[in-house]
Amino acid sequence: GWIQLEVHRNYDAAIAEYAEVARLKPEFPEAHNNLGVAWQKKGDLKKAAESFNRALEVRPDYTEALSNRGWVHVRQKEWLQARDDFDKALSIDPRHQGALYGLSQVYRETRNYAGAEQALTKLTAQSSNFVYWLERGEIQLLRFYWVLVLLALGLFFRAQYKKKMGRDSDGR
C-alpha cells in the first residue's frame, strides 16, 4: 500500500490494499490509519475521517490517527475540532510533530499568532526542518506587523516634521 501511495501515487490501488489489510486485521489500528491517509490523499475527506475514527475506536490513544483526523478538520476549516484532535495527540505525546504543526496552523488561521509561534517554537526546538523556522519567522512578523507599521509611520512623520522645520527656519 505504501509503495502504491507514496511512490506510484496510485491512490485507488493503495486504498484497495489498505482496505484488504483492514478487513483481514480489523483490530490493527495502523491499517485503518493508513487507509485514512490514502483516502485523504485521494481527496475523500469523509472516508478518511471514517478510517481515522475506526483506528481510534481500536486504540483511543493513537496519536497518528488523532493528528491525521485533525488535518482532515483543518482541510474542512473546522478549527475547533482540529484543535481538539491536536491537543489530544499532544496530551499523549507532547513532541508529536504532526500535531504541533497542525496546532500552529489552527492558531494561524484563527489569528492567534502568539499560540502559533508557541507551537512552532516547540517544533523548531526538536526539528531541523527549515520550513518550520521560516514559518516561525513569518508568524513573528505577523504578530508584530502593527508595531512595525506604527514605527514606520512614526519615522515618516518625524522626517516630515524635520523637513518642515528646516524650511520654516530658512524662511521658505
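K77 sits in the loop between α5 and α6, where helices (H or I, at least four residues) are DSSP runs numbered from the N terminus. Welcome to a short tour of this predicted model, in which local features need pLDDT of at least 70, side-chain atom pairs count only at pLDDT 80 or more, and totals for chains, interfaces and linings use all residues. Residues are numbered from 1 along each chain as its sequence is written, and side-chain values use heavy atoms, with hydrogens and water left out.

**Loop residues with positive phi**

- K77 has a phi near 60 degrees, a positive value in a residue other than glycine.
- With a relative accessibility of 59%, K77 counts as exposed; exposed means over 50% relative accessible area, buried under 20%, and partly exposed in between (1.4 Å probe, protein chains only).
- R111 also deserves a look: its phi is positive, about 60 degrees, although R111 is not a glycine.
- R111 is found in the loop between α7 and α8, and it counts as exposed at 62% relative accessibility.

**Helix α9 and its two sides**

- Helix α9 covers residues 130-143.
- From first C-alpha to last, the 14 residues of α9 reach 20 Å, close to the 20 Å expected at 1.5 Å a residue; the expected span is 1.5 Å times one less than the number of residues.
- The buried residues of α9 are Y132, E135, R136 and I139.
- Viewed down the axis of α9, these buried residues fall within an arc of 105 degrees, so they line one face of the helix; the arc is taken from the directions from the helix axis to the C-beta atoms.
- Cover for the buried residues of α9 includes α7 (97-109) and α8 (113-126).
- On the face turned away from the buried side, α9 carries the exposed residues F130, L134 and L141.

**A nonpolar surface patch**

- L141 has 54% relative accessibility and therefore counts as exposed.
- Together with F144, V147, L148, L151 and L155, L141 makes a nonpolar surface patch of about 580 Å².
- Patches are made of residues with over 30% relative accessible area and no salt bridge, with like charges joined within 9 Å and nonpolar side chains (Val, Leu, Ile, Met, Phe, Trp, Tyr) within 5 Å.
- The areas come from the Shrake-Rupley method with a 1.4 Å probe, and for residues only the protein chains shown count as cover.
- Helix α10 (residues 145-170) gives the largest share of the nonpolar patch, 4 residues.

**Salt bridges**

- The whole structure holds 11 salt bridges, each being a side-chain nitrogen of Lys or Arg within 4 Å of a carboxyl oxygen of Asp or Glu.
- D85 and R69 meet through their side chains in a salt bridge at 2.7 Å, N to O.
- This pair links distant parts of the chain, 16 residues apart, with D85 in helix α6 (residues 79-92) and R69 in helix α5 (residues 63-75).
- Both D85 and R69 are buried.
- D87 and R83 form a salt bridge at 3.4 Å, N to O.
- Because D87 and R83 are 4 residues apart in helix α6, about one helical turn separates them.
- D87 is partly exposed, with a relative accessible area of 31%, and R83 is partly exposed at 36%.
- E6 and R9 pair up with their closest N and O atoms 3.2 Å apart.
- E6 is partly exposed at 25% relative accessible area, and R9 is partly exposed at 46%.
- A network of salt bridges links E6, R9 and K41.

**Buried residues and their contacts**

- Contact here means heavy atoms within 4.5 Å, and the lists below do not count residues up to four places away in sequence.
- A65 lies in helix α5 and counts as buried at 0% relative accessibility.
- A65 touches N33, F52, A55 and L56.
- The C-alpha atoms of A65 and P29 are separated by 8.5 Å, while the two residues are 36 apart along the chain.
- S51 has its place in helix α4 (residues 45-58) and counts as buried at 8% relative accessibility.
- S51 touches H32, L35, G36 and W39.
- Q105, in helix α7, is buried with a relative accessible area of 15%.
- Q105 touches W71 and E135, and E135 is one of the buried residues of α9.
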